[in-house]
Amino acid sequence: MTGVQTCALPISSRPATPLAQKEIVLKVGRGDLQQFEDNVSRVSVSDPDVADAVVVSPHDVVINARVAGITTAMASGLVGVTSASGGRLGVMRTDADGAPMLTSLATIHVPGDGQVHGVAFAPDGRHIVFTTIDVGGGLRVVRIADDSDGGLELELTAVIENADAPIRPKGVRFSADGRHLLIAYGDNASPIPRRGGHGFVAVHEWDPASGTIGRRIDRSSARSGIECGEDLTLIADDTAVIVTDQFKDAVHLMRLDRVTGRLGEAQQVVSWSAGGLTMPHGCATSPDGSTVAVTNYGDGTVRFFDAASLIGLLQ
């Protein structure tokens, strides 16, 4: 649980390193599972009438043959960046080393948005959801496609105003199966520590086929003790939710039913005294699910926690 200083995100302006190519022969109507060492968020198929490809997990892609023919598929990773002051969302491809490629940058701005905050890719890599923390706040849904020049094309498909104002939507996260969208709610960040608030976590249905946010399935209880839900991440195969609480200098943990999307009661599992948290802000789970990283807005550090140990604290 040692803190380390944060560092700048490496950005690559060089062309992407080509992936090793191999020939795959499929029977019409049959599929083939391709596994990748690096994370894959989307796949482009040169002739979708011949075959299609579906990203089923960060490392697994299923290629399905539709008719007899020859086509090519290109797998790539994407990274999304929000601008707290410019009100823009930026999306870039990543190279073979996982570094964002600045030359592939595509941006989108929704008129009236001044501060955008949380961002999450749908598991299939075709849509992205981000939050705004302007007065009132809201959710935005963007469709990602390839343009005719091989670049990225972003299309705004939904602008959803916040029905829970003045509490704003902050962090967003998809379940790995793409069925649910989780949103952390809280007040805006401030360099001056504040106390009091009524933050919460909400779970919504997500329709992968249409890329739309559905009904709210559940909302964490008012007894949860969350004052400012700044960000959230999933652990233990999506059966538990980690929530950073900036006002309490704490991390909360609650159960999640992967089938129904219902939430359990939140418990404060890490605090300033035990974990060295100072206005915890962002959080993320390592690809293997073993580690949770939490950034501290208060002192500019990152703290790392063992995910299994956190689950062990859940009563």
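Entry 1: Strands here are DSSP runs of E with at least two residues, helices are runs of H or I with at least four, and both are numbered from the N terminus. I am working on a predicted model, in which local features need pLDDT of at least 70, side-chain atom pairs count only at pLDDT 80 or more, and totals for chains, interfaces and linings use all residues. Residues are numbered from 1 along each chain as its sequence is written, and side-chain values use heavy atoms, with hydrogens and water left out.

Strand E22 (residues 291-296) pairs with strand E23 (residues 301-306) in the antiparallel sense, over 5 bridges. I note the rule for pairing: DSSP must find at least two bridges between the two strands. E22 and E23 form a hairpin with 4 residues between them, and Gly300 in the turn has a positive phi of about 70°.

**Entry 2: the whole chain.** I find 2 helices and 23 strands in the protein. Of its 315 residues, 46% count as buried; that word means under 20% relative accessible area, while exposed means over 50% and partly exposed lies in between (1.4 Å probe, protein chains only). I also looked at contacts, meaning heavy atoms within 4.5 Å. Among contacts between residues at least 6 apart in sequence, 49% join residues at least 24 apart.

**Entry 3: aromatic pairs.** My search of the whole structure gave 2 aromatic pairs. The rings of Phe174 and Trp206 have centres 5.0 Å apart and planes at 75°, so I note this pair as edge-to-face. Phe174 is in strand E13 (residues 168-174) and Trp206 in strand E15 (residues 200-207), so the pair ties together parts 32 residues apart in sequence. Phe174 and Trp206 are both buried.

The rings of Tyr185 and Phe200 have centres 4.4 Å apart and planes at 10°, so this pair is stacked. It links distant parts of the chain, with Tyr185 in strand E14 (residues 180-186) and Phe200 in strand E15, 15 residues apart. Tyr185 and Phe200 are both buried. The cut-offs I used: rings of Phe, Tyr and Trp (its six-membered ring) pair if their centres lie within 6.5 Å, and planes under 30 degrees apart count as stacked, over 60 as edge-to-face and the rest as tilted.

Arg219 lies over the face of Phe200, at 3.6 Å from the ring centre. For such a charge, NZ of Lys or CZ of Arg must be within 6 Å of the ring centre and within 35 degrees of the ring normal.

Entry 4: E17 is joined to strand E18 (residues 240-245) by 6 bridges, and Asp231 stands opposite Thr244 in E18.

Another open sheet of 4 strands runs E9-E10-E11-E12, with antiparallel pairing. Its edge strands are E9 (116-121) and E12 (152-161), and its twist averages 25° from one strand to the next. Angles run from 0 to 180 degrees between N-to-C directions, and axes are lines fitted to C-alpha atoms, for helices over the stretch in contact. Strand E11 (residues 138-146) pairs with E12 over 9 bridges; in E12, Glu161 is the bridge partner of Gly138.
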